[in-house]
Amino acid sequence: MTLQAFGLILLAGLIHALWNIAAKKAGGDARFAFFTSVLMMVVWAPLGWWLGRSAVPLWGVREWAIVAVSGLLHVLYYVILLRGYRKADLTVVYPLARGTGPLLSSLTAIVLLGERLTAWGALGIAAVVGGVFLIAGGPALLRAGRGGGQAQRRLRKGLLYGLLTGVFIASYTVVDGYAVKAMLLSPILVDYMGNLVRVAVLAPVALRRPAELRPLWTSQWRFALLVGTVSPIAYVLVLFAMQSAPLSLVAPAREVSMLFAALIGGHLLGEGDRGARVMGAVLIAAGVAALALG
């Protein structure tokens, strides 16, 4: 990986962690996702129009199909992520979600594609599992299945939503990586046109109870504007990095965002066990780096 590509990923990781903290503080649902998608569409419309006015008319069924699939996967990812933030701690959901994507990709390659597991790969998997254990509460994880208290239920929900979000992260990463590397589509247009799909998919859900939209908008629009403005920057930087570096390296390198989230999120949100969760995030980051080498 070039220094330029790594720099893009590092900056993207910081931005990604910051907008996830804003989304956590908003406490929104699918309607918050709709707000952010609409604001994203409006804020980035000039750039989308400028780049798309000559390229998009040349798109065929294949291009529109890949953008539509990308948009749907991003909707599922974002809605599940927001639900996880409402049900559990960011410092559980976020690192789990970010750490399982590369892990799932590696395991899929081993099981379905017959790739061999190297020593680096084995160490990477062990580090990710250890990091997940620490982030989930360490020894408390062993008691989560037996306990019936509120803390244990919140922990279990964090595990569930974090892992499920990771599945969709792995899915859209592969789809979007194919779009920008194999189909040579513009990273900005892949994200912007995919966001139009997200607006269309989320609109029926958001407008189902219109009377509830005004109070939600009043309390959430600042967070939605922040997320809608900066989140495309983070992801487009990653897509540009994918054009010049292998996907198998870019996906693990993105997990540097977990360190920012564990450090910044734990401080701003006052979530407990920060030391263990930061150590867990470091382990997951080391693990996914080892997976890239293996």
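This short talk covers the salt bridges in this structure. The model is a predicted one.

The structure holds 4 salt bridges.

Start with Asp 29 and Arg 31. They form a salt bridge, with 2.8 Å between the closest N and O atoms. Arg 31 is buried, at 11%.

Next, Arg 198 and Asp 191. Their side chains meet in a salt bridge, at 3.9 Å from N to O. The cut-off is within 4 Å, so this pair counts. Buried or exposed, these two? Both Arg 198 and Asp 191 are buried.

Now Glu 212 and Arg 209. Here the side chains meet in a salt bridge at 3.2 Å, N to O. Glu 212 has 32% relative accessibility and counts as partly exposed. Arg 209 is partly exposed too, with a relative accessible area of 40%. Which residues join into one network? Asp 29, Arg 31, Arg 209 and Glu 212 do, through salt bridges that share partners.

Why do such pairs form at all? Side chains of opposite charge can pair when their charged atoms come close.

To recap on the model: Asp 29 and Arg 31 sit in one network with Arg 209 and Glu 212. Arg 198 and Asp 191 make a salt bridge, and both of those residues are buried.

Conventions. Residues numbered from 1 in each chain as written. Predicted model: local features only at pLDDT ≥ 70, side-chain atom pairs only at ≥ 80, totals over all residues. Heavy atoms only, no water. Buried < 20%, exposed > 50% of the residue type's maximum accessible area, 1.4 Å probe, protein only.
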